[in-house]
Each structure stands twice: as structure tokens, then as C-alpha cells.
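Please keep the sequence and the model in view while reading.

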Amino acid sequence: MQPPLPSHLVRGIPTLLIPSNQYRVRTAQLKLDLLDKRYPIFPETWTILSEAAMTGTKQKNYALGNPFSNYIPKAAFLFGKDVEVFLKDAVRKLTELYAIEAETDPSSLAQNAKQRADLKQWFFNEADAGAKKLFGCYLSIERWR
């Protein structure tokens, strides 16, 4: 028969486990806080991509008040460089689409029809899957495990 553990060791074991548990709780809380800050950027981005794909820029009158621009400073801090670059690219493409749609000369409209279609297709592709894939690696809680 083994002798019982000394009482000071028995009392010390839970003391050793508490900091480890606190660390895991703090780490999970930080991840949740980061998710809470990141997530709102995704549905707003997806909405803008979808609207641009479906109705272009005229319905919301996006012009120079480009809504993606509002997310770029946050994205620079909350996500990797890839999201920031994506949003800057979306700003450029939305501005291009606006310029094409603002054109009133019929010959220019015909000339720019393919470019307009390509831009709208880009917005459709990004709304359909591209943005979800890009943001997904930052918003997935599967990686937390």
C-alpha cells in the first residue's frame, strides 16, 4: 500500500491548475472580442458586393461616398493584409462601375458594356463565394479548437 500524498501537495495541485484555466478563459475571451469586432465588417461588405452585382451603383448612389472606404482602416488592424487589399480593390472597382454607369453618351455606353458586365460579374463572384472564403478564415471558430 502506498502512503498518502502529503496534505500540502494535495492542496497545491488545484492551485497549479487555476492559472492554466484562467489563461484558457482569457484567450477564449480575446478571440471572442476580436470576432465581435471583425464580424460586422463581413455582412456589410457582402451587402455592398451583392447590391453592386444586382443593381449596380445607381440605386444606392455610391459615387465618391464609397462604403468600402469606411472599413479599410478597421480592416488594416483587425484582419490580415489580404482583406485590406481586397477592400481597396473593391473601392477601385466600385468607382469604375460608377463611372461607367454615370456615362450618358450612347456610344460610350456601348463601348463600355463589356467592362461593365465584367465588373458586375466580379461583384457577383465575390458576393457568391469569394468574400465568404476570404473572411471565413478570420471568422471561423473551428480554428479555436
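Ala-113 is partly exposed, with a relative accessible area of 41%; the class takes in values between the limits for buried (under 20% relative accessible area) and exposed (over 50%), computed with a 1.4 Å probe on protein chains only. Ala-113 belongs to helix α6. Its C-alpha atom is 8.4 Å from that of Ile-100, a residue 13 places away along the chain.

The model is a predicted one, in which local features need pLDDT of at least 70 and side-chain atom pairs count only at pLDDT 80 or more, while totals for chains, interfaces and linings use all residues. Residues are numbered from 1 along each chain as its sequence is written, and side-chain values use heavy atoms, with hydrogens and water left out.

The protein chain has six helices and zero strands, where helices (H or I, at least four residues) and strands (E, at least two) are DSSP runs numbered from the N terminus. Along the sequence the pattern reads α-α-α-α-α-α. Of the 145 residues in the chain, 32% count as buried. Among contacts (heavy atoms within 4.5 Å) between residues at least 6 apart in sequence, 71% join residues at least 24 apart.

Helix packing comes next. The axes of helix α2 (residues 41-55) and helix α6 (residues 113-139) come within 7 Å and cross at roughly 170 degrees. Such axes are lines fitted to C-alpha atoms, for helices over the stretch in contact, and the angles run from 0 to 180 degrees between N-to-C directions. α2 and α6 are therefore roughly antiparallel to each other; angles over 145 degrees count as roughly antiparallel, those under 35 as roughly parallel, 65 to 115 as roughly perpendicular and the rest as oblique. The crossing of this pair, α2 and α6, is left-handed, meaning that the near helix is turned anticlockwise from the far one by less than a right angle. On the α2 side the contact includes Leu-49, Ala-52 and Ala-53, and on the α6 side Phe-123, Ala-127 and Phe-135 are among the residues that take part. By class, the contact of α2 with α6 has 14 nonpolar, three polar and three charged residues. Here Ala, Val, Leu, Ile, Met, Phe, Trp, Tyr, Cys and Pro count as nonpolar, Asp, Glu, Lys and Arg as charged, and the others, Gly among them, as polar.

The axes of α4 and α6 come within 11 Å and cross at roughly 160 degrees. That angle makes α4 roughly antiparallel to α6, and α4 passes α6 in a left-handed crossing. Including Phe-86, Ala-90, Lys-93, Leu-94 and Leu-97 from α4, the contact involves Leu-119, Phe-123 and Tyr-138, among others, from α6. The classes in the contact of α4 with α6 are 13 nonpolar, one polar and eight charged residues.

By class, the contact of α2 with α4 has seven nonpolar, one polar and no charged residues.

The largest nonpolar core has 30 residues, of which Phe-68, Phe-123 and Phe-135 touch the most other members. A nonpolar core is a set of buried Ala, Val, Leu, Ile, Met, Phe, Trp, Tyr and Cys residues joined through side-chain atoms within 4.5 Å. With nine residues, α6 gives the most to this core. Not counting residues up to four places away in sequence, Phe-123 touches Leu-49, Ala-52, Ala-53, Phe-68, Ala-90, Lys-93, Leu-94 and Leu-97.

Ile-72 is in helix α3 and is buried, with a relative accessible area of 14%. Leaving aside neighbours within four places in sequence, Ile-72 is in contact with Glu-84, Leu-87, Lys-88 and Val-91. Glu-84, in helix α4 (residues 81-102), counts as buried at 12% relative accessibility. With the neighbours within four places again left aside, Glu-84 is in contact with Ile-72, Ala-75 and Ala-76.
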